[in-house]
Each structure stands twice: as C-alpha cells, then as structure tokens.
Amino acid sequence: MTSYTSDLLRVLDERGYIHQTTDAEGLDALAAKQIVPGYIGFDATAPSLHVGSLVQIMMLRRLQQTGHKPIVLMGGGTTHIGDPTGRDESRKMLSQDTIESNIQSIFSIFKQFLTFGDGPTDAVMVNNHDWLSQLGYIQLLQEVGTHFTINRMLTFDSVKLRLEREQPMTFLEFNYMILQGYDFRYLSQKMGMRLQMGGSDQWGNIVNGMELGRRMDGSQLFGLTTPLLTTAAGTKMGKTASGAIWLNPAQLPDYDYWQFWRNCDDRDVGRFLRLFTDLPLDEIARLESLEGADINEAKKILANEATSLCRGTEAAATAAATAQQTFEQGHIGGDLPQISAGADGIRILDALRDLGFVASNKEARRKLDEGAVKLNGDVVKDATLVIQPADQPITLSLGAKKHGLINR
C-alpha cells in the first residue's frame, strides 16, 4: 500500500477502494490541508439502486467520514439519454415524472449512508437536469463541443466496444460523455467541486470532464476510480440468478438482502467487510482468518453490519432472528418472503418465481428436476403442481438456503 498523508486516501487505500487516480500525490496534498468536495453521478433508471452501486455509495460515506464533503449527483438530465457504457442496446426512454419519482425513491437510500445538511462536510444531492435543461444546443456546441474531437471520442470504451460488436449507437447516446464532462465542469464552477469518483468503467468519462474544466476554466480537478467489483466466483457484484439485489426495501425484502450477504463466498468475506462495513480493520483481519465452520460467524457479522447500514439495525436484527429460527431451530421465521396462494391456488412454477428464487419457468423446472425444491420439507418434482391454500402457511424451499411462505 502507498503511504498517504491524508485520511481520505489512506482509508480508501486500506479498505481497497482505489483502482486509478489521475494525480494521487496532488489529491493527497489537497485532502490533507482542506475540505475536498467530491461527487459521484447516478442515473435514475429505476426506483432503487442495487448492490452494484454500493461501493460508490460507500466511497461517498468514506469521503464524509474523513472530513470531506460528498455530493450525490442524480442524473435527472442524463437519464433521458442513458449511459452507453457496458451496454449493447439503448436504454428505455423514461418520462420526466418517472425520473423525478425514481430520484425521490433513491434519495431514501442515501439518507441511510450519509448525513445531509448545510454544514461544510454535510452531504448534498443535486440534479443535473437543473442545468443541462437550460443549455441551448448551439450554446453547447460552441462552448463545449469545440473541446471534444471525434477521434478521441471513438477511442472511449463505451463507444469502441459497442462498434466492435457491430451494435448500433444513437447520436443521442454518443452525446452522453459530453454532458457528463460538462457536469464536472459545472460543479467545479458552482460548488467548488475538485474530485469526481466512479467505477473503473467511468475512467475515460472522468478524465474527459477534468480536461474540459482545465481547458475552459484552468481548473485543477482530480479523478479516482474503484476496481471492477466481481465475486470470487467471477460473477458481477449485485447480480444473482433470481435478479438484482436492490437496496430499497420496496424492491427487495430485508430478509433477502441479509441473506445475500450471509450467502457470500468464503473468499469474499474479508474484502466485503472492508468495503461494505465500518468495522475496524483489525477486527476484519480476525474475522477473515477464521476457517471451516467458523467462517459462517464472520458471514453473519457481515450480513448484520451491511444490512444495518442500508436498512437499519432493527431490520438487520429481525432478518438475523428469522434466519436463526429457520435454519438453526427448524421453525418458520416470520420475516421470510411471503406470497399468497389465492382462492384457486398457485402454480409451483409461479410460486418459485414470485418468491424470487428463480428468474424463469425454465430455471424452475430445472430445479424441480434436480430435486432441489421442497414443500413443507418434502421434495417436489411435479412442474404442473398447483399449491392449494391452507389454514397454516406452507413453506416452499429451494436448496438449503432459500425459504419462503405461501399464505391463503
């Protein structure tokens, strides 16, 4: 690890957040002597962010914890375009009302992790629709467009990879990097922003914004990215067979969120504890050194800590108690995901999907054929089965770790 003088870079380095920095020495010196306002942008394409965005949220939390000012930039304007990075097709166009509703829903997530207010290190949420919507097209071309070359833009991964795969990219999407760069320049002018952070896939866009600010205003700006986060098994963080791990409880029950962390790969425990909890590093070192069955205790601590940060301590305690009742005591935990059978019953394929255990009927049939599905503890293989309503809740299980209740 590099030896840093500022708490900001020291903490980010020790906990494994740093992948690239544009000028580590310069940023370190600045952070050691003054409050650094830093931001990360989030588009509002859904009512919730998912676990794949959590490392960025935690970066803003670390910024505030080390005495600096986090700015949450919501892309009310850029969501109308859609970030083409890592995509082979255009995003669905959303109405302004839908985008605004999504932003309000997402704000509830950030309030769990950050302290908002008017103080020098209090977090602030801003919306780039406020300034991008005021830009005239001719003005944008004259003031900003002259600082971008098509030659350079074609080298960006978000463009190059799409073209290499012979997938179409609209002119609308092609403009995304220009508007993202303009955001950095605007925030540096209006809010004294000095630092933009993001995932490693945003490196080119961040550098673009820095160069725009330097050319237009002579501003000294900094960029920092995090590593691409995958699990030890090689899967993308936040994506599971049954869907995304949403941060908002309206999109994913507390118990399922807790179970996501509890079921992580043994090899990921230490890294996840450093990235996604506030536990001291010496305690994390102790926990990740546990072996055999003892590592399960470390996973429970990870699940409790991560869920407490995102959903609150009460939600974490309830989820942990449900898990203990279900797995260790053999009882039915009241916080398990639940669905209704309805008056006419529910097909087992639909029940598996509605509980979030599988993503498709095809996957459900495969699990039934494998003998991985149980009703009240008995193996079921009949894909045509209709589960009838009963006076007592029926337990539907997939494997040893996924359990749900089917009520009347």
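D278 counts as partly exposed, at 30% relative accessibility (buried is under 20% relative accessible area, exposed over 50%, partly exposed in between, with a 1.4 Å probe and protein chains only). Keep in mind that this is a predicted model, where local features need pLDDT of at least 70, side-chain atom pairs count only at pLDDT 80 or more, and totals for chains, interfaces and linings use all residues. Residues are numbered from 1 along each chain as its sequence is written, and side-chain values use heavy atoms, leaving out hydrogens and water.

D278 pairs up with R61 in a salt bridge, with the closest N and O atoms 2.5 Å apart (a salt bridge is a side-chain nitrogen of Lys or Arg within 4 Å of a carboxyl oxygen of Asp or Glu). This one ties together distant parts of the chain, 217 residues apart: D278 sits in the loop between α13 (269-276) and α14 (281-288), and R61 in helix α3 (residues 54-65). Helices here are DSSP runs (H or I, at least four residues), as are strands (E, at least two), numbered from the N terminus.

The structure holds 17 salt bridges, and D7, R10 and E14 are linked in a network of them.

| Pair | N to O | Where |
|---|---|---|
| E297 and K300 | 3.3 Å | helix α15 (residues 295-311), 3 residues apart |
| D350 and R353 | 3.1 Å | helix α17 (residues 348-354), 3 residues apart |

In the second pair, D350 is buried at 19% relative accessibility, while R353 is partly exposed at 31%.

Now for the greasy side. The largest nonpolar core has 67 residues, and F110, W261 and F276 touch the most other members (such a core is a set of buried Ala, Val, Leu, Ile, Met, Phe, Trp, Tyr and Cys residues joined through side-chain atoms within 4.5 Å). Apart from it lies another core of 28 residues, including I71, I81, F156 and Y176. In soluble globular proteins, nonpolar side chains tend to be buried together.

As for the whole chain, there are 18 helices and 15 strands, and buried residues make up 48% of the 408 residues. The C-alpha atoms fill a box of roughly 70 × 50 × 40 Å along the principal axes. Among contacts with a separation of 6 or more, 71% are between residues 24 or more positions apart (contact means heavy atoms within 4.5 Å).
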